[in-house]
Amino acid sequence: MCQLCGEPIDRALRYPSPRSASLDHVVPLSHGPGTPGHVLSNCQAAHFGCNASKGNRV
């Protein structure tokens, strides 16, 4: 399930399909030092398109 839109992710789809799977950081890595970083608790599944639309927002 995409954690941004709530729709299922089709694991057969591949990049660059906007409905393909991607890894989203809840708190973006671009927010710099002191953020959670690349740890499991800061990661969630998302559609590539949803993740791209989110950008670097929390």
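C43 is buried, with a relative accessible area of 19%. The structure is a predicted model, and its secondary structure consists of 1 helix and 2 strands.

**Cysteines**

- A search of the whole structure returns 0 disulfides.
- C2 takes part in no disulfide, and the nearest cysteine sulfur, which belongs to C5, lies 3.7 Å away.
- C2 counts as buried, at 2% relative accessibility.
- For C43, the closest cysteine sulfur is that of C2, at 14 Å, which is too far for a bond.
- The relative accessible area of C43, 19%, places this residue in the buried class, because that class comprises values under 20%.

**Overall architecture**

- Read from the N terminus, the order of elements is β-β-α.
- The radius of gyration is 12 Å, close to the 10 Å given by the globule rule for 58 residues, so the protein is as compact as a globular protein of that length.
- Along the principal axes, the C-alpha atoms fill a box of roughly 35 × 20 × 15 Å.
- Of the 58 residues in the protein, 26% are buried.
- The accessible surface amounts to about 3900 Å², and carbon and sulfur atoms account for 59% of that area.
- Considering contacts between residues at least 6 apart in sequence, 57% join residues that are at least 24 apart.

- The peptide bond that joins Y15 and P16 is cis, with omega at about 15°.
- P16 is located in the segment before β1, the strand that spans residues 21–25.
- The number of aromatic pairs comes to 1.
- This pair is formed by Y15 and F48 in an edge-to-face arrangement, with 5.1 Å from centre to centre and 85° between the planes. The angle of 85° falls in the edge-to-face class because that class applies to planes over 60 degrees apart.
- Y15 belongs to the segment before β1 and F48 to helix α1 (residues 48–54), so the pair ties together parts that are 33 residues apart in sequence.
- Y15 is exposed, with a relative accessible area of 62%, whereas F48 is partly exposed, with a value of 29%.

**D24 in strand β1**

- D24 is a residue of strand β1 and counts as buried, at 2% relative accessibility.
- The side chain of D24 makes a polar contact with the side chain of Q44, at 2.7 Å.
- A polar contact also links the side chain of D24 to the side chain of K54, at 3.1 Å.
- With neighbours within four places in sequence left aside, D24 is in contact with L4, N42, C43, Q44, A46, N51 and K54.
- C43, one of these contact residues of D24, is the buried cysteine described above.

Terms used: Residues are numbered from 1 along each chain as its sequence is written. This is a predicted model: local features need pLDDT of at least 70, side-chain atom pairs count only at pLDDT 80 or more; totals for chains, interfaces and linings use all residues. Side-chain values use heavy atoms; hydrogens and water are left out. Helices (H or I, at least four residues) and strands (E, at least two) are DSSP runs, numbered from the N terminus. The radius of gyration is taken over C-alpha atoms; the globule rule is 2.2 Å times the number of residues to the power 0.38. Buried means under 20% relative accessible area, exposed over 50%, partly exposed in between (1.4 Å probe, protein chains only). Contact means heavy atoms within 4.5 Å. Accessible areas come from the Shrake-Rupley method with a 1.4 Å probe; for residues, only the protein chains shown count as cover. Rings of Phe, Tyr and Trp (its six-membered ring) pair if their centres lie within 6.5 Å; planes under 30 degrees apart count as stacked, over 60 as edge-to-face and the rest as tilted. A polar contact is a pair of N or O atoms within 3.5 Å; within protein, one must be able to donate a hydrogen and the other to accept it, and residues adjacent in sequence count only if both atoms are side-chain atoms. A disulfide is a pair of cysteine sulfur atoms within 2.5 Å.
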